Amino acid sequence: MRIHTSEAIVLRHIDYGEADRIVIFYARDLGLFKGFARNARSSRRRFGAALEPFAGVRVQWQRNSGEGLASLREVELEDLRAGLRSRLDALALAAYGCELVEELFGDGEPHPEVFDVLGAFLDAAARGGEDPAALRLLLELRLLWAAGYVPHLLHCASCGCTGDGEVLFDAARGGRLCLDCGAGAVLRLSPLTLGTLARCLKTPQDSFRGFRFGEQSLREGSVALADCLRLHLHRPLRTLVFLERFLVAPEAREAR
């Protein structure tokens, strides 16, 4: 039976039976896939730390007959991203990012750009020095772009007009709406915020370093992207509550 090799990121694992483990990966050439690691818990020598969440690995695997889990032959650790385990905010960011990728791109199709975005995001979180709220905002924006779900940001989704005054936002109606077209929309945003998000999309999609957002852009941008994600996710993310414990609210920042 042919042995395949894939570059992958470990999203999470599930203990199975007394000694085995099911591992969920996101691979550059496969997208989301699941592998069965026999005796992974009873013998540390076989896989070592290579099955730890968020690790960058090279996986050797065999496809089982029919549908189901791949059989993991060898998993070589390339980057443990140990910095993610030294700070709780970094750990929370990483867990959220991996769950978001799994939910948005769990179709079993390869999306190499998503692999690159997730890897760069995890690297930035592991290094530290970046605002966690900004990293989250960028990740959500870049993944919505990769999924084809980015809303209209620079003009009204209904009539196409642009303007400098306050605008409305409704993800279910395409995103930005002018005051005339946005009857019933509850989100009021500054066009400057939406312009900032649009400019971020013009930067390399795997870039997460050196971004600085004003408090209004962070606050309003987070609300707008949360509206988009609610539209496309099948369930609330379990890791979001954990993450939000470590993100400083804009009001608290202003009070410092």
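# Close-up views of strand pairing and helix packing

**View 1. Strand β3 is mostly covered in this predicted model.** The strand spans residues 31-37. Of its 7 residues, 6 are buried. β3 takes part in two pairings, one with β2 and one with β5. These are shown in the next two views.

**View 2. β2 and β3 form an antiparallel pair.** Strand β2 covers residues 20-27. The two strands share 7 bridges. The link from β2 to β3 is a hairpin of 3 residues.

**View 3. β3 and β5 run parallel.** Strand β5 is made of residues 70-79. Here the pairing rests on 2 bridges. G35 has A70 of β5 as its bridge partner. F36 lies opposite S71, also in β5.

**View 4. β4 pairs with β5 in the antiparallel sense.** Strand β4 holds residues 56-62. It is joined to β5 by 7 bridges. V59 faces V75 of β5 across the pair.

**View 5. Helix α2 packs on helix α4.** α2 runs over residues 88-104 and α4 over residues 132-147. Their axes are 11 Å apart, at an angle of about 10°. Angles under 35 degrees count as roughly parallel, so α2 is roughly parallel to α4. On the α2 side, the contact is made by D89, L93, Y96, G97, L100, V101 and L104. On the α4 side, P132, L135, R136, L139, E140 and L143 take part. By class, this contact has 9 nonpolar residues, 1 polar and 3 charged.

**View 6. Helix α3 meets helix α4.** α3 comprises residues 112-127. The axes of α3 and α4 come within 10 Å and cross at roughly 175°. Over 145 degrees counts as roughly antiparallel, and α3 and α4 are therefore roughly antiparallel to each other. From α3, the contact draws on E113, V114, V117, F121, A124 and A125. From α4, it draws on L135, R136, L139, R142, L143, W145 and A146. The residues of this contact divide into 10 nonpolar, no polar and 3 charged.

**View 7. Helix α4 has contacts with both α2 and α3.** L135, R136, L139 and L143 of α4 touch α2. L135, R136, L139 and L143 also meet α3. P132 and E140 are among the α4 residues in the contact with α2. R142, W145 and A146 are among those that meet α3.

Note on methods
Residues numbered from 1 in each chain as written. Predicted model: local features only at pLDDT ≥ 70, side-chain atom pairs only at ≥ 80, totals over all residues. Heavy atoms only, no water. Axes fitted to C-alpha atoms, helices over the stretch in contact; angles between N-to-C directions. Helix = DSSP H or I, 4+ residues; strand = E, 2+ residues; numbered from the N terminus. Parallel < 35°, antiparallel > 145°, perpendicular 65-115°, else oblique. Contact = heavy atoms within 4.5 Å. Nonpolar A, V, L, I, M, F, W, Y, C, P; charged D, E, K, R; others polar. Buried < 20%, exposed > 50% of the residue type's maximum accessible area, 1.4 Å probe, protein only. Pairing = 2+ DSSP bridges.
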